[in-house]
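Subject: Structure handover

Hello,

Here is the structure I promised you. Please open it beside this email and follow along.

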Amino acid sequence: MKSKVVSKIIGGKYKNRVLELPSLEVTRSSKSILKESFFNVLQFDIMDSLFIEAFGGSGAIGLEALSRGAEHSYFCEINKNSFKILQRNCDTISPSNCTTLFGDTFEKIPNLLDQLEQQKSVQDKEIILYLDPPFDIREGMTDIYENSFEIVKNITNKNVVLVTFEHMTGLEMPEKLGRFERYKTKKFGKSSLTYYRV
């Protein structure tokens, strides 16, 4: 019997809590060094924010965000097995502060952003969007980055303050995506983080 693949939350109030990971054939786990760097960049911006992890996988980034002071995390995942693991991880950490969406990120995330734009109670909350599309070497994935860029180009929410892409190093990232401008890229071996702000 295969042993479960796990990782840990690396900082904040849920530090060292164990997260289950889906099969690495289906999803890549964000390296802890990359994760640490991302949250160092965010620092206090994460406090009381709404965090959206567009390609949820295990939920490791969004749950780390909760651990470090985000008010609520939203996750979208299309793979059934990964989604079950995502739900279990959310239930383990903080179910009342998590919303999990099953299905296609390219449909679900624009709908979620529309809903958040309509909700008066969250209009003054800063929103942080994290996109880690599967590396597009898999069949049927060739447009995944273009489609991800379209999500960002079409954001009208005034309170989306930061958009971050985790992507393969060497990918040419656009200077501008709608209202957002690229301001920083950091490399971590095969993966990089690119940050966009209004």
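Start with V161 and its contacts. Leaving aside neighbours within four places in sequence, V161 is in contact with E126, I127, I128, Y196 and R197. Keep in mind that this is a predicted model. V161 sits in strand β7. Is V161 buried, partly exposed or exposed? Its relative accessible area is 23%, so V161 counts as partly exposed; the cut-off for buried is under 20%. K84 is 77 residues from V161 along the chain, and their C-alpha atoms are separated by 30 Å.

Now move to β6. Strands β6 and β7 pair in the parallel sense, over 5 bridges.

How many residues of β6 are buried? The count is 5 of 5, so the strand is mostly covered.

Next, the nonpolar cores. The largest has 28 residues. Those with the most contacts inside it are I52, I109, L129, V152, V163 and F165. Which elements supply at least two residues each? They are β3 (50-53), β4 (72-77), α4 (105-118), β6 (127-131), α5 (144-153) and β7 (160-168). α5 gives the most, with 5 residues.

Go back to L129 for a moment. Not counting residues up to four places away in sequence, L129 touches I52, A54, I109, V152, I155, L162, V163 and T164.

Last, the cysteines. A disulfide is a covalent bond between the sulfur atoms of two cysteines. How many disulfides does the structure hold? The number is 0. For C76, the nearest cysteine sulfur is that of C90, 12 Å away. C76 has 0% relative accessibility, so it counts as buried. C90 is in no disulfide either; the nearest cysteine sulfur, that of C98, is 3.6 Å away. Why is that pair left out? The cut-off for a disulfide is within 2.5 Å. C90 is also buried, at 3% relative accessibility.

Best wishes

How values were computed. Residues are numbered from 1 along each chain as its sequence is written. This is a predicted model: local features need pLDDT of at least 70, side-chain atom pairs count only at pLDDT 80 or more; totals for chains, interfaces and linings use all residues. Side-chain values use heavy atoms; hydrogens and water are left out. A nonpolar core is a set of buried Ala, Val, Leu, Ile, Met, Phe, Trp, Tyr and Cys residues joined through side-chain atoms within 4.5 Å. Buried means under 20% relative accessible area, exposed over 50%, partly exposed in between (1.4 Å probe, protein chains only). Helices (H or I, at least four residues) and strands (E, at least two) are DSSP runs, numbered from the N terminus. Contact means heavy atoms within 4.5 Å. Two strands pair if DSSP finds at least two bridges between them.
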